[in-house]
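Have the model open and follow along.

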Amino acid sequence: MEETILNSENQEEIRENAPVAEAAAEAIETTETRTEAPVAEGENNENTSKPAAAEAAEQAEPQVDYSGYSRAELVDALRALLDEDVTAIRSRVADIRNYFNALSETKDEETAEEPVADAETAEGTVAAEGNQAEQHAEEDPVADEFRKLYGRYRAMRQQHHEAVEAQKKKNLEAKQALIEEMRTLADSDDEQVRHAMDRFNDIQERWKAIGEVPREEMNNLWQSYHFQIEQFFNKLKINRELRALDQKKNLEQKIELCERAEELIVEPSVTKAFKALQDLRARWKETGPVPSEQNEEIWQRFCAAANQIDQRRKEYYDQRKEEMDNNLLAKQALIDKAEELTAKEPGSTKEWNDLTAALDELLKVWKTIGTVPREVNEEIWAKFKGIIDRHYEAKKEHFGSIRDEQNANYQKKVELCLKAEAIAKREDWKKATEELLQLQKEWKETGATNRKVSEKIWQRFRAACDEFFAKKGEFFKERRTSEAENLAKKEAILAELKAHTFGDNREENIEVIKDFQRRWAEAGFVPMADKERLHKEFRGVIDGIFEHLKISAREAEETAYRERLHNIGGDAKKFVNNERQELTERIEKLRNDLALWENNLGFLASSKQADLLKAEFEKKMQGARQQIALLQAKLRILKETEEAEKKEE
């Protein structure tokens, strides 16, 4: 009787162990209550005296009536059967042989009854009969042909029998190897339950797929296999009990991790909280599985705390990004101003010195502006520094000879060619295009070179530009199809935003707006002709909604601060003192920044670019004033908290 194979589902590691353990337990119970009887001699179990396929073929062998056939017809019928499968003609060959022998005996009797000529004595008669029989045998080609054909049939059966016996021996070796593999599986100490069950099921499937073995080996083979199965299930039963204890310990550890994560929600330092959360996440991954019925609950608890910490971090970096974007605009304005100042080459020494002083003043203002996004920091500094560097290079070259100037220009254009050739290999189209256009602008701004090399260096630079824009054109030709689809998506999102009705719940309104912004960003690129229009329209709607939320956001932040002070544990007095000092220092720093910005505004002359820069400074100053007001409100809250605690004492 074959063993039942238990299949285990391929699930996530966090959920997989409990179902497998239950399946293993069920299999153990089945094994413990099962009794196996040895296979009796001659019993038709896994192997029988005749292959099942051959038996089925013989049962399905057609019945042919050969009673009316002559000896020659029987020979022809036997010859035709030899072209078929030897295992499917046994019954018909036996019938043909019986009928042929019967006809041959009748023919011999008729021959024996014929009178013998010239047989005068008994001895002569016997001799004559013998000679006649020999003559008859020699003259019976039908019998000779039948014996040859029947000999071929017996040789075919013998060959088939030998092949079957050889295959049985191979099957025996294969099953003995599976028994050894089962023994190794049962003796292994480091198999996980699911993996062990998978290997066990695989062994059983391979066992059933192997054919019959020699009959004399059947009982010993099956008893050995059954013994190893019993050993395997005994091991699984022990592992199940150990796994239950391990899962209980893992549950206690994960509950502790959840509590630690929940404590980080009120951690003042966003970066410290996030760093600690990463450590907790790593420890969570290292902790093993818990009981399946509690797995989802404990995981959701940990996720809830982690999501709050992640959200705080996101808001913190969003605020920093906004500040850096404003700084980027301010620095870009300085670059534009520097480009404007250096657009025209001075014609006298005084003009050169005045231009140098103006660029030095811009550099001082640059140093007072904060950081910009990291991905453009090097690029924008390179642009600004490049403008100043080019000025000093040009100033130096102005006092040199014309030939030196031409040589310097040639070297510049070689560098521009190298940069253009490097950019031509890139595929970050926007940034590369900006850099290449900047290179083209620099090329135009660079003075003349020697006439002998002028055309050659220009053809080199132009070839690099043509290569880049050809690749870019091919890329955006393929992208236009997806941009049309994205345009439809953004139009739909904008229509949905305009039609949305906001309620009185400020928190829900903010979440709805965040969801719209996320979907807008995920919609992807749109055609360039619609990009600015869509962005302005979407930004206008969003800004209109946020205009009504600004005061509410201030109130919400003050309320959260009061709640934070209320939930302080441990040495509250020390915390309040440290908090007061930090708030005071931040207010002082913001006031110093305001004074510096106000002073810098006085240096800016009246122009279009200067007005833009002034607007950016005014925006930064307004933000600083709002920050000072909020920090002062927090100081008042600290004072109120201290006074309330003193009254309670």
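This is a predicted model: local features need pLDDT of at least 70, side-chain atom pairs count only at pLDDT 80 or more; totals for chains, interfaces and linings use all residues.

Residues are numbered from 1 along each chain as its sequence is written, and side-chain values use heavy atoms, with hydrogens and water left out.

Start with helix α9 (residues 270-286) and helix α10 (residues 292-342), whose axes sit 10 Å apart at an angle of about 150 degrees. Helices here are DSSP runs of H or I, at least four residues, numbered from the N terminus; axes are lines fitted to C-alpha atoms over the stretch in contact, with angles from 0 to 180 degrees between N-to-C directions. So α9 and α10 are roughly antiparallel (angles over 145 degrees count as such). On the α9 side, the contact (heavy atoms within 4.5 Å) includes F274, L277 and W284, and α10 brings residues including W299, F302 and Y316. The contact residues of α9 with α10 split into 13 nonpolar, 1 polar and 4 charged. Here Ala, Val, Leu, Ile, Met, Phe, Trp, Tyr, Cys and Pro count as nonpolar, Asp, Glu, Lys and Arg as charged, and the others, Gly among them, as polar.

Now move on to helix α15 (residues 451-499) and helix α16 (residues 506-522), whose axes come within 10 Å and cross at roughly 170 degrees. That makes α15 and α16 roughly antiparallel to each other, therefore. K490, I493, L494, E496 and L497 of α15 meet F516, R519 and W520 of α16, a set with 5 nonpolar, no polar and 3 charged residues.

Technical notes
Helices (H or I, at least four residues) and strands (E, at least two) are DSSP runs, numbered from the N terminus. Angles under 35 degrees count as roughly parallel, over 145 as roughly antiparallel, 65 to 115 as roughly perpendicular and the rest as oblique.
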